[in-house]
Every structure is written in structure tokens, then in C-alpha cells.
Amino acid sequence: MGMTVQSRLLTLTARASDLELQQVILTSRHQEIALKAQQLMADYSNYFAVRAQEAEDGEGYTIDDHGFIAEYEYQLNLLNNQEKRIETEQAQNDTQLKAVSQEIEAVEKVIDKIIKRGFGTFGD
């Protein structure tokens, strides 16, 4: 079997492993963002639970509440943008992984043909 075919298969296998590792890292980052968003929403909910209690005690909403809402929306928008970026990277990574997998299959077929030809020569 040609060394170039073997080296090509090794190179492709290494690339597939790298892409799979990237997917794991991206999935981890995606989970971190989900946790941050969950915490942000919990903070928002808690803030207004306290403010609702204060409103019952006669205090109304203040300019601080509007600032809190603006900061919440800003942070949530940042998290959404990060999430979209990660999803785009994951989609690109999936596409590359599929292409590498197809190329690995093609190289493996070539290797199989080379082996069959070799055994056919010795079988005669």
C-alpha cells in the first residue's frame, strides 16, 4: 500500500479528531452561555420580586429600575449574540466534519482496492 494513501488517512483522521474536539469545546461554551442566561433571568426575576414587595409597601418604580432593565436587556442581547456565533461555528464545524468523513471513506475504499489487488496478485 502506498505510503501517501496511509499518510493521507492519518492526516484526515487527525483532522476529524480536531473537529470533534472543537465540537466538544463549542458545546461546553454553549452550555456556559445557557447557565449565564439562566442566572441573568433569575436575577431579573428576583429583583422585581423584591421591587413588587416594595411597591406594596408604598414605593413606586424608580429610575434605578429602568437602568436595571436596560442593563438586563443589554446583557441578554450579548448572550444571544454569543450563542448565535457559537451556533454558526458549530454548523461550520459540522460541515467540515462531514466533508472529512466522506474523504476518509473514499481513502478507505482506495486502501481496500489496493489490498484486494495485492492479494489478487499473490493468489494467482
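The model is predicted, with local features needing pLDDT of at least 70 and side-chain atom pairs counting only at pLDDT 80 or more, while totals for chains, interfaces and linings use all residues. Residues are numbered from 1 along each chain as its sequence is written, and side-chain values use heavy atoms, with hydrogens and water left out.

Trainee: Is V24 buried or exposed?

Mentor: V24 lies in helix α1, residues 3-56, where helices are DSSP runs of H or I with at least four residues, numbered from the N terminus. Buried means under 20% relative accessible area, exposed over 50% and partly exposed in between, with a 1.4 Å probe and protein chains only. Because its relative accessibility is 55%, V24 counts as exposed.

Trainee: Which aromatic pair is formed by Y47 and F48, edge-to-face or stacked?

Mentor: Rings of Phe, Tyr and Trp (its six-membered ring) pair if their centres lie within 6.5 Å, and planes under 30 degrees apart count as stacked, over 60 as edge-to-face and the rest as tilted. The rings of Y47 and F48 are 4.9 Å apart centre to centre, with 85° between the planes, so by these cut-offs the pair is edge-to-face.

Trainee: How many residues apart in sequence are the parts that the pair of Y47 and F68 ties together?

Mentor: Y47 and F68 form a stacked pair, at 3.8 Å centre to centre and 15° between the planes. Y47 lies in helix α1 and F68 in helix α2 (residues 63-123), so the pair ties together parts whose separation in sequence is 21 residues.

Notes
Helices (H or I, at least four residues) and strands (E, at least two) are DSSP runs, numbered from the N terminus.
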